[in-house]
Amino acid sequence: KYFTLFHLISRTTSMTQNNLSTVTQPIDYEALPLPFYQAPVLIQTLVKQLPDCWQQTAALALLPALSVACGKICYGADNKPLAFHVALYGRNGTGKSQFSCKPARVVQNYLARYDDQNFDTDNKSSQSPRVLGFQISTVQLCKYLRKSPKETVMLYTDEISQSVGNERSSNSFMQLHDLLRSAYDGIEYRQSYKDKDSFRGVIYPRLSFLACGTPNSIFTYFNAKAIESGTTRRVIFVEHPRYEHIINDVAYSEEQLEMIQQEVEWLEMQSGKVHLQAIEDAVLKWREEKLASIDPKDEVKRDMVNTPYDTFRRAAYLAWVMNHYQDAEKAIVFGAWVAEYMFRAALFHTYPQQQAIAQDGQKHFAASTQTIFADFNQTMLDKLPQQFEWQDVVAYRKQNHYSGEIQSRVILTRWKNRGKIKQIKRNTFIKL
């Protein structure tokens, strides 16, 4: 049954699967709409007042906050957190903070109900704040994260331009690349500052974030350097589209707010490792189908499937927990939708740059290899006797695990052309 629901998503992805090389524009909600009735009820309640195009963006923007609510849940052999990194961008005045981020802020405000008493400058509190601003130094963030080794916390900003700063600024988000990569999977992060008031030690951070801003400010941070370092590989890029019609502000009834509060409190009480074979099977099937639709020679695009594949698991497990460990079929459809959106957005935003990085890497490898061979050949010439034979070159190469009599003749020809040796008779040479 869950595969039938899963293929509801598969059919909506046929455009991309059939011609992945032609993705030239951001995600259109009509091409990949939110599977509203397969989404968890809490998400439905939070986004249903919005028009369809913003239901999609709001649901994705909710993922980091919901991951904090499920902050004690982990999955997989490495006990990974259900962490999500989401960057939502849109033009000024289009309502991204007022509408797409409003449901997320409702959840975040409830998660942060005890944060005021946990914010401290002397770090005496035993708990970390759960929702932090982007204008935080790496040192202070590490100190907070050390207090919550088995819980997910999040960073949030409704305008990243106020937080990007520069790489030398201690409270700049630009400083967090390394930490974010580790915190996405909850793996070891080591920091060693000499200053006695700074942070020294090892932590296992679990960190989500929601960053909003204009396209220019978002991609000032998630730039070519972030692509090459792998930071952007973990990010779901969400475009907040323009909406021509006037709509009322999102307002929740007392009954809805009570339901939201009860659900968040229930999620906060959940802990431990989750595993459901139906989810694992569906995730693997999605990956196999995705790889089958990509040219085997396009290694860059094939590698780009890996993180959405893992994100499918996270989103499906998150939805399954939010469904009170029921309705796995719906959780799978929701997870597939998140993964497909992430993959398409990555193709649009990072694929050309990743191709260029791969090509530059191949050129660098080829140049480095050529340099290594040149150094080896010069060392070989230095060690050969003043008068030597062709077989001496072959024997030296074999001693150093290089084979090929033909290549030995190529090297000798190159040395002769460069005036390094002279042939005095057949297969016999002298150094000049």
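Two strands count as paired if DSSP finds at least two bridges between them. The model discussed here is predicted.

Q: What is the order of the strands in the open sheet of three strands?
A: The sheet is open and holds three strands. Their pairing is antiparallel. The order is 11-13-12.

Q: Which are the edge strands of this sheet?
A: An edge strand here pairs on one side only. That holds for residues 387–389 and for residues 421–425. The edges are strand 11 and strand 12.

Q: By how many degrees are neighbouring strands of this sheet turned against each other on average?
A: Direction is ignored for this angle.

Q: Over how many bridges do strand 11 and strand 13 pair?
A: Pairing needs at least two bridges. Strand 13 covers residues 428–431 and runs antiparallel to strand 11. The two pair over three bridges.

Q: Which residue in strand 13 stands opposite Gln387?
A: Strand 11 spans 387–389, and strand 13 spans residues 428–431. The residue of strand 13 opposite Gln387 is Ile430.

Q: What angle does the direction of helix 17 make with that of strand 11?
A: Helix 17 covers residues 390–399 and packs on the sheet. Helix 17 touches strand 11 and strand 13. Its direction makes an angle with that of strand 11 of about 75 degrees.

Q: Is Gln55 buried or exposed?
A: Gln55 sits in helix 4, residues 52–69. The cut-off for buried is under 20% relative accessible area. Gln55 has 9% relative accessibility, so Gln55 counts as buried.

Q: Which backbone oxygen does the side chain of Gln55 reach?
A: Gln55 touches Leu34, Phe36, Val47, Lys48 and Leu50, leaving aside residues up to four places away in sequence. One of these contributes the backbone oxygen, which the side chain reaches at 3.1 Å. That oxygen belongs to Leu50.

Q: Is Pro35 buried or exposed?
A: Pro35 lies in the loop between helix 2 (14–18) and helix 3 (41–47). Its relative accessibility is 10%, so Pro35 counts as buried.

Q: How far apart in space are Pro35 and Trp337?
A: In sequence, 302 residues separate Pro35 and Trp337. From C-alpha to C-alpha, the distance in space is 7.5 Å.

Q: How many contacts beyond four places in sequence does the model have for residues 363–369?
A: The mean pLDDT of the protein chain is 82, and 81% of its residues reach 70 or more. Over residues 363–369, pLDDT stays under 50.

Methods: Residues are numbered from 1 along each chain as its sequence is written. This is a predicted model: local features need pLDDT of at least 70, side-chain atom pairs count only at pLDDT 80 or more; totals for chains, interfaces and linings use all residues. Side-chain values use heavy atoms; hydrogens and water are left out. Helices (H or I, at least four residues) and strands (E, at least two) are DSSP runs, numbered from the N terminus. Buried means under 20% relative accessible area, exposed over 50%, partly exposed in between (1.4 Å probe, protein chains only). A polar contact is a pair of N or O atoms within 3.5 Å; within protein, one must be able to donate a hydrogen and the other to accept it, and residues adjacent in sequence count only if both atoms are side-chain atoms. Contact means heavy atoms within 4.5 Å. Axes are lines fitted to C-alpha atoms, for helices over the stretch in contact, and angles run from 0 to 180 degrees between N-to-C directions. pLDDT is the predictor's confidence in each residue, from 0 to 100.
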